[in-house]
Amino acid sequence: MNDLGELYQQVILDHNRNPRNFKRLESANRRAEGNNPLCGDRIQLFVQLDGDTIRDIGFQMPQGSGCAISKASASLMTDAVKGKPVKDAETMFEAFREMLAGGANAPGKLAAFSGVRAFPSRIKCANLAWHALHAALQNRAEPVTTESAKDF
Amino acid sequence: MLDTARIRPDFPILTKKENGSRLVYLDNAATSQKPRKVIDAIVHYYSFHNANVHRGAYALAVEATDAYEAARTAVARFVNAWTREGVVFTRGTTESINLVAASWGRANVGRGDTVVVTAMDHHSNIVPWQILCQEKGATLRMVEITEDGRIDLSDFGRALEAKPKIVAFPYVSNSLGTVNPAAQLNRLAHAAGAVTVVDGAQSSPHLRVDVQAIDSDFYALSGHKMLAPMGSGALIAKPALLDAMPPYHGGGEMIERVWDDHSSWNKIPHKFEGGTPNVEAAVGLGAAIAYLEQLGLDNVSAHEQELARLTIERLSQIEGVTVFGPREHRAGVVPFTYGDIHPHDLATILDKDGVCIRAGHHCTQPLMRRLGVAATARASFYIYNDVDDVDALVTAVRKAGELFGVLAS
């Protein structure tokens, strides 16, 4: 149960059960969709950018899709980047990705996902929301998929 | 029930520990494990008989050809094919269906025609028909399923009113475990003038198949789900249909004579086997069939159905578990969800106890939409699974519930 406890830390179970910012954002001026075609998981991300600041952010996972890892990751991500400059969000994305690739823990609550490293089949779940955020901030129209991004 | 204590030692991989636990392999609908006899047959072929087939003038090449053709005879007997010439070796079910779509389909389906599939088909029996219909300006009609996961026969009847050129369906659903009334569906489709394509990926490993009795025009199977190597498979067809069809892949072996600007075709089945075939896979498939025939396919079915019945009974006792699929006429496939735990999380938690199940859409996205779920967890049984495996599954599922503090939905 040890590894499992590392993977499903309380903060992850909590954010899975009660995801924050779990809403469609009508005021969004950036949107992105992320797909994991292998499992059918989908995330829709809504970002309200105010200049260089992420004023508000929300996400939805249609029709019960989204495992605990992908949902909690999206929830914690939205909490972490809300109110922050785009530059900081991109830095967090880098840190998060590095952590999952075996690097140092990401700052703050994002470190809760360090246990995912021991479960290679779940890394894409943790990354999905971040790639969607990256796409939204880059204002890319194409949906991102876990199979197209090189660094998923 | 089968004597699993005697069967399990035949499978080297089952001695492996998974995360420190006994390997409980319950993803047989995805692929089966391989017995020593199949592995040995491949090693033996390469050690003693390897040469290119159908072209050597020396004894070794004759041995290789004999081994390859003996496997064809074994497949023909296994499914009671019309003739052994009606058995085309392919890479598996997917290639078999694509062969029919690209050859019979392209030659016979035109603008305004209809092709019928069902909502419980695997993507491999949907997408080739979508491609064909898009190319030809034909219509793809998907037959609905009933609430309990069977083909809706009244909708099937309505679909046949369009006089479709092709009717495709799975003998056994990989996502629901439903055993479809193949003989009845073929009879109805034939009465409407259609040619039928039966996806046999999930029936061939698990039940006695008689393609003449069900009267399928085309029947596709994969070796790797029935103890044989990956990349082995066959298309079993009525010889007259194959005779009239244009080739699929051009190349060596499939020709009779080649001139500068055109060619004539070899006889069936060779017309559809361009290039050097996967002889190793065919030999392995032959050995797998021998193994299954020794057990008896009726015994295999009964064994799996009993394990599935027990699993459904025990999982249903857990509050929050939903089991999908019909109550009767089902194979050893148990799809389920557990409260609000996503199937991927379930699979990860079960894996920690050495229990391998599949989580996801199982290559049946249209079906998942109809079930109203994004994914299910799926346990699927085979000849080496036993009651201990069912216990391990149920125990691990309960553990997942404790970890997640499951909310019964």
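This is a predicted model: local features need pLDDT of at least 70, side-chain atom pairs count only at pLDDT 80 or more; totals for chains, interfaces and linings use all residues.
Which strands of chain B does α12(B) lie across, and at about what angle to β16(B) does it run?

Residues are numbered from 1 along each chain as its sequence is written, while chains are lettered from A and ligands numbered from 1 in the order in which they are written.

**Figure 1. Helix α12(B) on its sheet.** The helix α12(B) lies across β14, β16 and β17 of chain B and runs at about 160° to β16(B). Helices (H or I, at least four residues) and strands (E, at least two) are DSSP runs numbered from the N terminus. Axes are lines fitted to C-alpha atoms, for helices over the stretch in contact, and angles run from 0 to 180 degrees between N-to-C directions. Two residues are in contact if their C-beta atoms, placed from the backbone, lie within 7 Å.

**Figure 2. The open sheet of 4 strands in chain B.** Its order is β13-β14-β17-β16, with antiparallel pairing; two strands pair if DSSP finds at least two bridges between them. At the edges stand β13 (321–323) and β16 (358–360) of chain B, each of which pairs on one side only. From one strand to the next, the twist averages 30°. The strands β16(B) and β17 (residues 376–380) of chain B run antiparallel and are joined by 3 bridges. Within this pair, B:Gly360 stands opposite B:Thr376 of β17(B). Strands of a sheet pair through backbone hydrogen bonds, either parallel or antiparallel.

**Figure 3. The crossing of α12(B) and α14(B).** The axes of the two helices α12(B) and α14(B) come within 9 Å and cross at roughly 115°. The crossing is right-handed; a crossing is called right-handed if the near helix is turned clockwise from the far one by less than a right angle, and left-handed if anticlockwise. From α12(B), the residues B:Leu346, B:Ile349 and B:Leu350 make the contact, and from α14(B) the residues B:Ala396, B:Lys399, B:Ala400 and B:Leu403. By class, the contact of α12(B) with α14(B) has 6 nonpolar residues, no polar residues and 1 charged residue. Ala, Val, Leu, Ile, Met, Phe, Trp, Tyr, Cys and Pro count as nonpolar, Asp, Glu, Lys and Arg as charged, and the others, Gly among them, as polar.

**Figure 4. The contact between chain B and chain A.** Chain B contributes 15 residues and chain A contributes 17 residues. On the side of chain B that touches chain A, the elements giving two or more residues are α12 (343–351), α13 (365–371) and α14 (387–404) of chain B. Of these, α12(B) gives the most, with 4 residues. This side of chain B consists of 7 nonpolar, 6 polar and 2 charged residues.

**Figure 5. The two domains of chain B.** Domain 1 covers 4–30 + 296–404 and domain 2 covers 39–293, with bounds that come from an automatic or database domain assignment. Their centres, taken over C-alpha atoms, are separated by 28 Å. The contact takes 24 residues from domain 1 of chain B and 23 residues from domain 2 of chain B. On the side of domain 1 that touches domain 2, two or more residues come from each of α11 (297–316), β14 (333–338) and α13 of chain B. The largest share of this side, 6 residues, belongs to α11(B).

**Figure 6. The open sheet of 7 strands in chain B.** The strand order is β4-β10-β9-β8-β7-β5-β6, with mixed pairing. The edge strands β4 (87–90) and β6 (139–143) of chain B each pair on one side only. Direction ignored, neighbouring strands of this sheet are turned by 20° against each other on average. Strands β9 (residues 218–222) and β10 (residues 233–237) of chain B pair in the antiparallel sense over 5 bridges, and B:Phe218 has B:Ala237 of β10(B) as its bridge partner. Helix α7 (residues 182–191) of chain B lies across β7 (166–170) and β8 (195–199) of chain B, at about 155° to β8(B).
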